[in-house]
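Me: I've got a structure open and I'd like to learn how to read it. Could you walk me through it feature by feature?

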Amino acid sequence: MLIRLGHSPDPDDAFMHYALAEDRIDTRGFRFEHVLEDIQTLNAWALEGRLEVTAISVHAYPFVQERYLLLPHGASMGSGYGPIVVTREPVAAERLRSMRIAIPGLLTTAWLALQLRLGQVDHTVMPFDRILPAVAAGEVDAGLLIHEGQLTYAGEGLHKALDLGEWWTADTGLPLPLGANAVRRDLGADAIASLTDVLRRSIAYGLEHRAEALAYAARFGRGLDAELNDRFVGMYVNDLTRDYGEEGRAAVRELLRRGEAIGAFREVPGPVAVEFAS
């Protein structure tokens, strides 16, 4: 069976899927086609049910919950860190409410978390890799950074005004669930169970063979040196990636509960229902 596997062209996702890409594990009869796109594109495709397995933003899950189940692994969670807002000059977080902020997509978890922290703010959508240079060039007042920009912004002379993961963990005591992997419901229970096992073993293989998986992930680092590549992967591929556990599942439910409370999912028919594949 062909499985189109959607994920971002980033070191953390590449690390998770290294074993599949390089044929390091038994795939139980599945043939994987890796489809690399930015997370906002993958979110939009998930609305259509285009891919059998795909990375999505946790923010996007309520909009696709009728088509997809969350896989019990593959999450990107920040424990005390996460997307950040940067500016050209040091500013207090509260001043961001009066600024125009570039964001990486309306379905990204970063955008949901920013709304939970600051309320409605003036914003413009840009590709995630355009935001940092746009702030540096003065095209926007501030930028919401995901991926490696969280580690490289200072090299552009920018300043961190707000760390959404830090705020979230201080406020809730939970990690901030940013990305998830989801599987299309119409594959059926048997295929989903087998896929769940294969994808879990891919993540485990990377964690257990860290050096070789890091070397593969470095191809996707967009200028990260070996130290920053290691640090970035370590931030978002960890024990919570291997399995959400009760803490991870509670974090997802709390994020979506708060999103529902501010009307972020008003276009979703019916209540938000978090459901994991077994």
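**Reading the inside of the fold**

Reply: Let's start with a lining: sorted by class, the residues around the largest cavity are eleven nonpolar, ten polar and two charged. Keep in mind that this is a predicted model.

Me: How many cavities of 30 Å³ or more are there, and how much space lies in the largest?

Reply: The structure holds one cavity of that size, and its space comes to about 300 Å³. Its lining counts 23 residues, with Ile39, Ser76, His147, Leu178 and Gly179 lying nearest the centre.

Me: Which element gives the most to that lining?

Reply: That's strand E11, with four residues. Elements giving two or more residues include helix H1 (11-16), strand E3 (53-57) and helix H11 (226-236).

Me: Now the largest pocket. What lines it?

Reply: Its lining is made of 13 residues, and His59, Trp111, Gln115, Ala264 and Arg266 are the ones nearest its centre. The volume is about 280 Å³. By class you'd find six nonpolar, five polar and two charged residues there.

Me: How should I think about a nonpolar core?

Reply: As a general idea, nonpolar side chains in soluble globular proteins tend to be buried together. Here, the largest nonpolar core has 59 residues, and Ile56, Leu96, Ile101, Leu114, Leu144 and Leu162 have the most contacts inside it. Helix H5 (residues 109-118) supplies the largest share of this core, seven residues. There's also a second, separate core of 31 residues, with Phe15, Met16, Leu195 and Tyr205 among them.

Me: Take Leu114. Which residues is it in contact with, leaving aside neighbours within four places in sequence?

Reply: Leucine 114 is in contact with Val85, Ile101, Ile103, Gly119, Val121, Leu144, Leu162 and Leu164.

Me: What about a helix, say H6: which of its residues are buried?

Reply: In H6 (residues 128-136), the buried ones are Phe128, Ile131, Leu132, Ala134 and Val135. Looking down the helix axis, these buried residues fall within an arc of 165 degrees, so they line one face of H6. Their cover includes strands E6 (84-87), E7 (101-103) and E9 (142-145), plus helix H7 (149-152). Just after H6, glycine 138 has a positive phi of about 80 degrees.

Me: And single residues? Is leucine 240 buried or exposed?

Reply: Check the relative accessible area against the cut-offs: under 20% is buried and over 50% is exposed. Leucine 240 has 13%, so it is buried. You'll find leucine 240 in helix H12 (residues 239-242). Setting aside neighbours within four places in sequence, leucine 240 is in contact with Ala75, Met77, Ser79, Pro175, Glu247 and Gly248.

Me: Where does glycine 29 lie, and is it buried or exposed?

Reply: Glycine 29 sits in the loop between helix H2 (18-21) and strand E2 (31-36). Its relative accessible area is 59%, so glycine 29 is exposed.

Me: What's the case for threonine 169?

Reply: Threonine 169 has a relative accessible area of 22%, so it counts as partly exposed. Its place is in helix H8 (residues 164-172). Beyond neighbours within four places in sequence, threonine 169 is in contact with Gly78, Ser79, Gly80, Leu174 and Pro175. Proline 90 is 79 residues away from threonine 169 in sequence and 23 Å away in space, C-alpha to C-alpha.

Conventions
Residues are numbered from 1 along each chain as its sequence is written. This is a predicted model: local features need pLDDT of at least 70, side-chain atom pairs count only at pLDDT 80 or more; totals for chains, interfaces and linings use all residues. Side-chain values use heavy atoms; hydrogens and water are left out. A nonpolar core is a set of buried Ala, Val, Leu, Ile, Met, Phe, Trp, Tyr and Cys residues joined through side-chain atoms within 4.5 Å. Buried means under 20% relative accessible area, exposed over 50%, partly exposed in between (1.4 Å probe, protein chains only). Contact means heavy atoms within 4.5 Å. The arc is that of the directions from the helix axis to the C-beta atoms. On a 1 Å grid over the protein atoms alone, a cavity is a set of points where a 1.4 Å probe fits but cannot get out, and a pocket is an open set with protein on both sides within 12 Å along at least five of seven lines; lining residues have an atom within 4 Å of a point. Grid points are joined across faces, edges and corners, and a volume is the space filled by probe spheres set on the points. Ala, Val, Leu, Ile, Met, Phe, Trp, Tyr, Cys and Pro count as nonpolar, Asp, Glu, Lys and Arg as charged, and the others, Gly among them, as polar.
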